[in-house]
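The sequence and structure are shown first.

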Amino acid sequence: MAMLRNQATALIRYEHIETTVPRAKELRPFVERLITIAKRGMAGGDGNGKLLHARRLVARDLVDREVVGKLFDTIAPRFAERPGGYTRILRIGYRRGDSAEVAQLELVGSEYDPKATPKDTKTATAPKSKTGVGGRLRAAADRLRGKKDDGEVEAKKAAKGGQTKGRGAKRTTPQKAG
């Protein structure tokens, strides 16, 4: 029962979770019952106490107040016209460690696309990030030193005779005998 409550809380909070197929099949009616209770409470109105009673019934199974609030504020109104079938089970594949069949359980209308780009303006205007540890270290070093312009780099190359590294570059330190 505790596992069902925890998974229901996660499903309502994130609107999708990954779990095994048998767990998803057990969780589906549990979550749909909670959504139905929330819908009936919203339809009954606040005047006669049906909304409060519905909140208490849902809070019996979901201990997180934020999740209960989200259920009543956003999810129940979204499914107000829908007669049932609020969740969807998508089979993903098999887990690597024990070959258990894994499924994604999601609320209908909140299709989750892991490859979709976020719609934040911050990430759209940010420069392309460097991948790997070396790229991140170079980016941090550039930030500390102050990034050099291409003109400064070309001027330094010209001052050193055209080449800074490579086969034709002049050595500045004597070669060790060995």
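## Surroundings of Thr9

Leaving aside neighbours within four places in sequence, Thr9 is in contact with Leu62, Asp64 and Val67 (contact means heavy atoms within 4.5 Å). Thr9 lies in helix 1, residues 2-14 (helices are DSSP runs of H or I with at least four residues, numbered from the N terminus). With a relative accessible area of 11%, Thr9 is buried (under 20%, 1.4 Å probe, protein chains only).

## Basis of the model

The model is predicted: local features need pLDDT of at least 70 and side-chain atom pairs count only at pLDDT 80 or more, while totals for chains, interfaces and linings use all residues. Residues are numbered from 1 along each chain as its sequence is written, and side-chain values use heavy atoms, with hydrogens and water left out.

## Helix 1 against helix 4

Helix 1 and helix 4 (residues 65-78) pack at an angle of about 45°, with their axes 9 Å apart (axes are lines fitted to C-alpha atoms over the stretch in contact, and angles run from 0 to 180 degrees between N-to-C directions). Helix 1 is therefore oblique to helix 4 (angles under 35 degrees count as roughly parallel, over 145 as roughly antiparallel, 65 to 115 as roughly perpendicular and the rest as oblique).

From helix 1, Thr9, Ile12 and Arg13 meet Val67, Lys70, Leu71 and Ile75 of helix 4.

## Helix 3 against helix 4

The axes of helix 3 (residues 50-61) and helix 4 come within 10 Å and cross at roughly 135°. That makes helix 3 oblique to helix 4.

Leu51, Ala54, Arg55, Val58 and Ala59 of helix 3 meet Val68, Gly69, Leu71, Phe72 and Asp73 of helix 4.

Conventions
Helix = DSSP H or I, 4+ residues; strand = E, 2+ residues; numbered from the N terminus. Buried < 20%, exposed > 50% of the residue type's maximum accessible area, 1.4 Å probe, protein only.
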